[in-house]
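Here is a short report for a reader new to this structure. Look through the sequence and the model, then read on.

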Amino acid sequence: MKTNYFFASAALGCMLFASGNALAQDAVVVEETTVAIEQTVECKTNYSSSWRDNWFIQLGAGVQVPFVERELPQSLGDPERRVSAVYNLGFGHWFSPYLGFRLSGMYGKMRWDFQEKNKARMATANADLMWDMTSSICGVNPERVFSFIPFVGIGGTYTWDFEGFPGNDYRKQHDGIHRRQWTLPVSVGFQLRFRLCKYVDFFAEARAQFYGDNFNNYVEGDPIEANITAIGGLSFTIGGRKFDSYNPCDYLGYINQLNGQVNDLRGELAATEAALAAANAQLPCPEVTETETITVETPMLASVRFKINSSAISDEEMVNVYNVAQWMKANPEATVTIQGYADEDTGTADYNMNLSQRRADAVKDVMVNTYGISADRLSTKAFGSATQPYTENNWNRIVIFVQP
């Protein structure tokens, strides 16, 4: 009787011991890691212009008033500021919604009162730097009706056919008197621009040009003389009025979406590891063998973005080329195809095909010559703008690394 009780106790003890081991094996703790990338990007929209767009031609006419020596004998009455007509032709280009460049010319007669009634013909060429103050302060708006545009410039003025004091009548001969004059003015002014339609603007502008004292072929009094002009006319836009925009924050939603997918996959992997651990707990303990595990980190981003109409790799994107190069060094048997693309809203199909090839070649050149990857392991393929990997047009200025 005692013997049977002993065997029953021993059997019960073995069952409890085995149950404790099984419970200990079932209790698997899985630590889940969430990927979070903190963005420190300035959310500022940047604009650029194609060389084919945003050219303009302006035609105008107005008046000018020279500010030079002014004095008349009593017999001729009181001296006045003389107003005369002036005509204007110019062309220029807006590099961005804020800054533009213009070359313009003016022609007319100037008149002034000094000792007698004086007049001369003059032609001026100006090179101006223009600033759209309205877009800088109020923001870019292609449909804006009114813009205030200050400008500064330098130029050259040719004056001839002098008639009047001091004996500088071009029909007479006088020693020491110039019959024609070259002067170099510096000018400042502002333009008021009113949008009439997509391709035509009305403009009104005022300009002050500053000369040395010999502007009117006579030196006396103040060392600086001036010519004030007021002009109105029409400005015609050539090649379209548009600017390409890029904001780094436009990509944050896409990046956050990818991070969310990574976190979801990590959660699924953790759940799978827990289920696998629970299943392994039901199996007999295998013999322990030592194995060597090689961990190779793959590049986080396998693409390189480019600016519009450019195949130059920026410093920000160079880190992605570096990551792929390091991955290929860690995987010496791997080969990579470098696929180049261009956005379809800019350039012709033939130009974009060439641009996408230059982008792919630029990346391959850095991989080979900078990071020492064998050229035999790299191939390039150009898709131009016929294939658009992304629905967002700006995102397609890109090179993508693909494993064959």
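## A polar contact at Gln58

The side chains of Gln58 and Arg102 make a polar contact of 3.2 Å. A polar contact is a pair of N or O atoms within 3.5 Å; within protein, one must be able to donate a hydrogen and the other to accept it, and residues adjacent in sequence count only if both atoms are side-chain atoms. This is a predicted model: local features need pLDDT of at least 70, side-chain atom pairs count only at pLDDT 80 or more, and totals for chains, interfaces and linings use all residues. Residues are numbered from 1 along each chain as its sequence is written, and side-chain values use heavy atoms, with hydrogens and water left out.

Gln58 sits in strand β2 (residues 55-67). Helices (H or I, at least four residues) and strands (E, at least two) are DSSP runs, numbered from the N terminus. Gln58 is buried, at 1% relative accessible area. Buried means under 20%, exposed over 50%, and partly exposed in between (1.4 Å probe, protein chains only). Not counting residues up to four places away in sequence, Gln58 touches Arg102, Gln191, Phe203 and Leu234, among others. Contact here means heavy atoms within 4.5 Å.

## The whole protein

The protein has 5 helices and 15 strands. Of its 404 residues, 36% are buried. Take the contacts between residues at least 6 apart in sequence: 71% of them join residues at least 24 apart.

## Strand pairing

Strands β2 and β10 (residues 224-238) run antiparallel, joined by 13 bridges. Two strands pair if DSSP finds at least two bridges between them. Ile57 stands opposite Phe236 in β10. Strand β9 (residues 200-212) also pairs with β10 in the antiparallel sense, over 13 bridges. There, Val200 is opposite Phe236.

## Aromatic pairs

The whole structure holds 10 aromatic pairs. Rings of Phe, Tyr and Trp (its six-membered ring) pair if their centres lie within 6.5 Å; planes under 30 degrees apart count as stacked, over 60 as edge-to-face and the rest as tilted. Phe146 and Phe194 form a tilted pair, 5.3 Å centre to centre with 50° between the planes. Phe146 lies in strand β6 (residues 146-163) and Phe194 in strand β8 (residues 186-195), so the pair ties together parts 48 residues apart in sequence. Phe194 also pairs with Phe202: the centres are 6.3 Å apart and the planes at 35°, so this pair is tilted.

Phe146 is partly exposed at 36% relative accessibility. Phe194 is partly exposed at 32%, and Phe202 is partly exposed at 35%. Elsewhere, ring pairs link Tyr107, Tyr158, Trp160 and Trp182 into a cluster.

## Nonpolar cores

The largest nonpolar core has 20 residues. Such a core is a set of buried Ala, Val, Leu, Ile, Met, Phe, Trp, Tyr and Cys residues joined through side-chain atoms within 4.5 Å. Val304, Met328, Ile338, Val363 and Met367 have the most contacts inside it. Two or more residues each come from α4 (315-330), β13 (336-340), α5 (349-369) and β15 (398-402). Helix α4 gives the most, with 5 residues.

A second, separate core has 10 residues, including Trp112, Phe162, Tyr211 and Phe215.

## A buried serine in a loop

Ser385 is found in the loop between β14 (378-382) and β15. Ser385 is buried, with a relative accessible area of 12%. Its side chain makes a polar contact of 3.2 Å with the side chain of Asn352.
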